[in-house]
Each structure stands twice: as structure tokens, then as C-alpha cells.
Amino acid sequence: MKTCDKCQGTMLYERAVDLNAGLVITVLACLNCGRRRPVEQQPRPITARC
């Protein structure tokens with residue numbers, strides 16, 4: 001598990017989706033303070049899985 005730089009809390013992977021732009025990005029979100037840090041460099045387009 002990753003720890004937050006701000007509060008030393010636990011960070012979990014979360015997927016943020018922008019439906020208007022059609023983009024998705026994976027971020028690390030802190031359970032304690034709510035801080036988010038991107039894992040990927042740039043958002044990816046939303047694609048359907050078969």
C-alpha cells in the first residue's frame with residue numbers, strides 16, 4: 001500500500017471518469033484527507049471491453 005505525503009494515510013487506486021470529455025484516468029486517493037495524485041501521465045479515452 002502507498003502512503004499519503006500530506007497525512008501519512010492509506011492511499012487506494014481509484015478511477016476518475018469524465019463522461020463529457022470521454023476520458024478516464026487512474027489516481028491514488030487518500031482515505032484520510034481525500035488528496036488525489038495521478039498515477040498515469042495523461043487521461044485515456046473511454047473504450048468498451050468485449
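These legends accompany several close-up views of one predicted model.

In this predicted model, local features need pLDDT of at least 70 and side-chain atom pairs count only at pLDDT 80 or more, while totals for chains, interfaces and linings use all residues. Residues are numbered from 1 along each chain as its sequence is written, and side-chain values use heavy atoms, with hydrogens and water left out.

**View 1. Leu 12 in strand E2.** Leu 12 belongs to strand E2, residues 10-18 (strands are DSSP runs of at least two residues, numbered from the N terminus). With a relative accessibility of 39%, Leu 12 counts as partly exposed, a class that lies between buried, under 20% relative accessible area, and exposed, over 50%, using a 1.4 Å probe and protein chains only.

**View 2. Strands E2 and E3.** E2 and E3 run antiparallel and are joined by eight bridges (two strands pair if DSSP finds at least two bridges between them). Four residues lie between the strands of this hairpin, where Gly 22 takes a positive phi near 75°. Strand E3, residues 23-30, is largely enclosed by the rest of the structure, because seven of its eight residues are buried.

**View 3. Strands E3 and E4.** Three bridges pair E3 with strand E4, residues 36-38, in the antiparallel sense, and Val 27 stands opposite Pro 38 in E4. The hairpin of E3 and E4 has five residues between the strands, and in this hairpin Gly 34 takes a positive phi near 85°.

**View 4. Strands E3 and E5.** E3 also pairs in the antiparallel sense with strand E5, residues 44-45, over two bridges, and Leu 23 stands opposite Pro 45 in E5.
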